[in-house]
Each structure stands twice: as C-alpha cells, then as structure tokens.
Amino acid sequence: MPAVTVENPLTLPRVAAQADAVARPVLAVTTAPSGFEGEGFPVRRAFAGINYQHLDPFIMMDQMGEVEYAPGEPKGTPWHPHRGFETVTYIIDGIFDHQDSHGGGGTITNGDTQWMTAGAGLLHIEAPPESLVVSGGLFHGLQLWVNLPAADKMMAPRYQDIRGGQVQLLTSPDGGALLRVIAGELDGHQGPGVTHTPITMIHATLRPGAEIALPWREDFNGLAYVMAGRGTVGEERRPVHMGQTAVFGKGGKLVVRADEKQDGNTPDLEVVLLGGQPIREPMAHYGPFVMNTQAELRQAFEDYQAGRLGSIPANVHGMDEQEPPTA
C-alpha cells in the first residue's frame with residue numbers, strides 16, 4: 001500500500017495552511033467496528049457511532065480489507081439496488097469489476113476510483129474478476145457514500161472512472177507527506193472527481209514523524225480516517241491508529257501528524273481526509289436507498305420490486321425477500 005506514489009515528493013507542488021489559520025479542534029475519535037459485507041468480505045464501518053450532523057453530506061464509509069485471499073476466496077456483492085446518492089469505490093490494492101442494469105461499469109485496480117451516481121436508481125454488482133478468484137491475492141479498498149440534495153436525487157445515473165494516474169499529487173513543505181487529491185480541491189489544486197455535492201477527498205501518506213497542516217474550507221466539515229499506522233490529529237495531538245476516525249470542529253486548518261515509530265505491518269501513516277458542504281436536509285435511509293422522506297423510501301422499494309430500477313438475470317437474486325420500509 002499504496003499503488004500511486006512518487007520517488008521524490010519534493011518534485012510536486014507543496015501545500016501548507018497560512019500560519020495564522022485557526023486549527024480545527026478534535027471533537028471526537030471513534031473506532032470502527034469490524035464486520036462482513038456482500039458475500040463475506042471483511043469491512044470496517046468507519047463512521048459507526050458518529051452523529052450525522054458531523055458527517056453530512058457523507059453517509060457511510062467502509063474500509064474493505066486489507067486482506068490476503070487464498071485461491072478461491074475472493075468475494076464480492078450480489079446484485080443490489082441504489083437510489084438517491086453517490087458511491088465512491090477506491091481500490092488501493094487488488095481489482096474489482098463493476099456492472100449495472102443500465103449497461104455501465106468497468107474494472108478498477110490499484111489506485112483507481114469509480115464514482116457512481118445512482119440518482120433515480122439502478123441495479124449494481126461488484127465482484128472480483130474470475131482470474132483473481134482463481135489466483136487469490138491482496139485486496140484493499142474503500143467505499144464512501146455521498147448524499148445528493150433533494151433536487152438531484154432523481155437525476156439520471158452516471159459513472160466516472162478515475163484512474164490512479166489522474167489524481168492530483170501534492171506534498172507538504174518538507175516532502176514528508178504525499179497527498180492524493182481524488183475529488184474536490186486543496187489550496188487551488190483540483191482533483192479529477194466531479195461531484196454534485198461539494199466535497200474534498202484526499203488519501204495522504206505521512207512518513208514517520210511527518211506533519212501536515214492543510215488549508216481547509218471553513219464551510220466544510222472535516223473527517224480523518226486512519227487506514228494504517230499511528231499518529232495524532234489536531235494541534236492538541238490526540239492519538240489515532242488504524243481503524244479510527246477523527247471528527248474535527250470549526251476552523252481553517254486541518255492538522256495530522258505521523259508517529260515517529262509505526263507498526264510493523266506498515267511503514268507510514270495512511271489516512272483519508274474528507275470534507276464536504278453539509279446539505280442540511282432531512283435524510284431517510286433504508287439499506288441501499290437514501291431519500292428525504294419515509295414515503296420516498298417506500299416508493300423506492302416499490303419501484304425496485306416492480307422492476308423500474310432495471311433488470312438482472314433471472315438466476316440472480318437480490319433483496320426480494322426484504323420488507324418495505326415503514327414510517
């Protein structure tokens with residue numbers, strides 16, 4: 001980890017917050033519970049236990065793996081519907097195939113991102129290719145759900161395939177950190193992902209002892225999820241480690257520091273930094289549907305059962321046994 005890197009970060013544009021910028025305080029640090037998703041691949045629920053007022057416009061995020069599969073073990077998800085939000089699948093190691101009922105999809109691998117705007121709805125499947133199932137191998141990634149405002153929830157579905165080589169690469173003033181801007185912008189440097197809800201998504205690698213103090217939009221929230229390693233967050237240097245999420249308060253600067261000594265299984269601190277403009281609308285969430293009201297949820301389920309989100313092969317099953325949401 002990770003696939004997208006450079007030999008000398010000092011060749012990259014350097015980013016640092018203004019010295020007089022107010023550092024965001026750390027409001028909370030939570031630990032992600034572990035579980036299984038789809039056909040049984042291991043996940044950490046990064047946002048479990050965090051109040052939605054601190055997450056908005058983000059809904060959930062899963063760290064998938066890191067896991068070394070034996071031959072025959074790689075797993076994916078069955079066909080399932082989505083409506084009302086966007087999914088962001090970032091593959092750090094390994095390979096995943098995507099397909100949907102509208103004919104979209106593709107293959108993403110080391111450092112690639114697939115941005116799927118579900119909008120009015122579709123059916124979707126994610127799975128490792130047959131070659132990986134046969135051979136086994138390393139798999140590690142993230143899936144983030146980003147809410148859509150009410151005005152965009154019924155828009156036509158859309159895909160963005162963002163290759164690892166397209167991300168905007170930046171560094172800290174001393175070259176101790178590599179910043180991969182996947183979506184949004186950082187200090188005027190734009191990432192490739194196009195979002196309906198204004199957000200910034202960054203994968204940062206910090207060498208032992210390195211610190212980043214990044215300018216952060218004051219109208220955005222601020223979250224940091226640790227994928228690997230140990231470090232501190234905020235100027236108060238609150239400790240964080242793999243599987244933990246830091247929630248930041250208000251301010252114009254976001255501070256993260258890597259410990260001088262890292263765990264034996266990772267040389268660096270690997271962290272995902274997220275910020276977004278809150279939508280501040282009612283949210284009704286039921287499984288793969290994210291709407292504004294319970295009535296809209298029931299309509300989404302009815303549309304799914306009636307086949308209005310698309311069709312899948314007759315020998316593949318999805319959510320048919322589930323009950324519709326209730327008010």
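Biologist: How many aromatic pairs does a search of the whole structure find?

Modeller: Three. Keep in mind that this is a predicted model, where local features need pLDDT of at least 70, side-chain atom pairs count only at pLDDT 80 or more, and totals for chains, interfaces and linings use all residues. Residues are numbered from 1 along each chain as its sequence is written, and side-chain values use heavy atoms, with hydrogens and water left out.

Biologist: What makes Phe301 and Tyr304 an edge-to-face pair?

Modeller: Rings of Phe, Tyr and Trp (its six-membered ring) pair if their centres lie within 6.5 Å, and planes under 30 degrees apart count as stacked, over 60 as edge-to-face and the rest as tilted. Phe301 and Tyr304 are 6.3 Å apart centre to centre, with 65° between the planes, so they pair and count as edge-to-face. Both lie in helix H3 (residues 294-305), three residues apart, about one turn of the helix.

Biologist: Which residues touch the most other members of the largest nonpolar core?

Modeller: Phe47, Phe58, Met61, Leu144, Met201 and Leu274, out of 30 residues. They're in a core because it's a set of buried Ala, Val, Leu, Ile, Met, Phe, Trp, Tyr and Cys residues joined through side-chain atoms within 4.5 Å. A second, separate core has 28 residues, including Val226 and Phe248.

Biologist: What does Met201 contact?

Modeller: Leaving aside neighbours within four places in sequence, its contacts (heavy atoms within 4.5 Å) include Val88, Tyr90, Leu144 and Leu274.

Notes
Helix = DSSP H or I, 4+ residues; strand = E, 2+ residues; numbered from the N terminus. Buried < 20%, exposed > 50% of the residue type's maximum accessible area, 1.4 Å probe, protein only.
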